[in-house]
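Here's a quick tour of how this one packs together, for anyone about to open it in a viewer. Have a look at the model, then read on.

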Amino acid sequence: MKQDQASGRVTERLGADAHGIARAAELLRQGKLVALPTETVYGLAADATSGAAVAGIYAAKERPSFNPLIAHLPDLAAARRQGLFDASALALAKAFWPGPLTLVVPISPGCEVSELARAGLASVALRVPSHPLAHAILQAAERPIAAPSANRSGRISATSAAHVLADLDGRIDAVIDGGPTEVGVESTIVACLDGAPRLLRPGGVPRSAIEGVIGRPLVLAGDAGMAPISPGLLASHYAPAARVRLDAEVPRPGEAWLGFGADPDGATAGRPALNLSPSGDLGEAAANLFGHLRSLDALGPVTIAIAPVPQHGLGEAINDRLRRAAAPR
Ligand code: TXA
Ligand code: MG
């Protein structure tokens, strides 16, 4: 185990069993930092009601403190104690919780989520994850739990305990290993603040499924001159060390290759190459996305060329992450 010079922490490795769950909840109640699996990505969890605990998340991730965090709850009843749900928010929560959806709603009068976790906003981002380990820990912790993705700020999100440790070993108190995450991209974020639900971030619930519930097209925040209201949506994010070239038909000499669907002839020979989903399945591609980017990046290529990914279904979230990975830094 690595001991971080600055913090002197040793990161405990917890198993996915009753002891691990109890220990994770105990550490959270003590204001400590615990990385835990959700169905989307691993989260770096801390007591959302404690400003000091939340400050620890920002420090470990080296995250700009203006970027607000999602508060995780075990069920809708617990979420409704923190935020005010209008009719659309309630319909969406009932349709997709537990699951990969985050709702940004006005804070309730009794909201316990700290100002720091909300970055001073009068709204709060709430999510009820479906992962059984996350659910058990949230129930045992008995308070809202703030959790951004468990990676250094701006880097590729963690979809396994090994990814968490590669970025945060010695900087956090514990990680509980629940194996690789199932969905692979972060939750879809929808703001329900003024009657017209807005899509703040595409994610694990496809846009069409949300639109099916609210019965009309979702407005994309940032479209048509709207002020961005999700301050965390920095252009460069999920960034590998390598440059990223999108919509590549074939790799150029010296480039690594990340395919989707059938690889073009010769694309994989004599170069680092992986495929998000040889059969062209978007769910499989989302689950592989961050792990494959990390694996290729670890081989040190100057550029990773990435095949086009269709924009429908989970493709909207995958392409959003790829555009940020490719953005100028
Ligand atoms: O799947 C997920 O959502 C994962 C797992 C761990 O739950 N979490 C995650 O958190 O992706 P994070 O911190 O990487 O992304 C949270 C996003 C940020 O872009 C932030 O700006 C936005 O949520 N957000 C949080 N509170 C907000 C608020 N009150 N208004 C607008 N955006 C908000
Ligand atoms: Mg993140």
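In this predicted model, the largest nonpolar core counts 48 residues, and Phe85 and Leu103 are the ones that touch the most other members. As background, nonpolar side chains in soluble globular proteins tend to be buried together.

Zoom in on Leu103. Skipping its neighbours within four places in sequence, Leu103 is in contact with Phe85, Ala89, Leu92, Ala93, Trp97, Val124, Ala125, Leu126, Val190 and Cys192.

Next up is a helix pair. Two packed helices are described by the angle between their axes and the distance between the axes.

| Feature of the H4/H8 pair | Value |
|---|---|
| Axis approach, H4 (residues 87-96) to H8 (residues 207-214) | within 9 Å |
| Crossing angle of H4 and H8 | roughly 125° |
| Handedness of the H4/H8 crossing | right-handed |
| Residue types in the H4/H8 contact | eight nonpolar, one polar, no charged |

With that angle, H4 and H8 are oblique to each other. On the H4 side the contact is made by Ser88, Ala91, Leu92, Ala95 and Phe96, while H8 brings Ala209, Ile210, Val213 and Ile214.

So how enclosed is H7? Six of its eight residues are buried, so H7 is largely enclosed by the rest of the structure. The buried ones are Ala161, His163, Val164, Leu165, Asp167 and Leu168. Their cover includes strands E1 (12-14), E2 (34-37), E3 and E8 (174-176), plus helices H2 and H9 (282-298). Just after H7, Gly170 takes a positive phi of about 85°.

Pro264 is found in the loop between strand E13 (256-259) and strand E14 (273-275). Not counting residues up to four places away in sequence, Pro264 touches Glu249, Val250 and Trp257.

How values were computed: Residues numbered from 1 in each chain as written. Chains lettered and ligands numbered in written order. Predicted model: local features only at pLDDT ≥ 70, side-chain atom pairs only at ≥ 80, totals over all residues. Heavy atoms only, no water. Axes fitted to C-alpha atoms, helices over the stretch in contact; angles between N-to-C directions. Helix = DSSP H or I, 4+ residues; strand = E, 2+ residues; numbered from the N terminus. Parallel < 35°, antiparallel > 145°, perpendicular 65-115°, else oblique. Left-handed = near helix turned anticlockwise from the far one by under 90°. Contact = heavy atoms within 4.5 Å. Nonpolar A, V, L, I, M, F, W, Y, C, P; charged D, E, K, R; others polar. Core = buried A, V, L, I, M, F, W, Y, C linked by side-chain atoms within 4.5 Å. Buried < 20%, exposed > 50% of the residue type's maximum accessible area, 1.4 Å probe, protein only.
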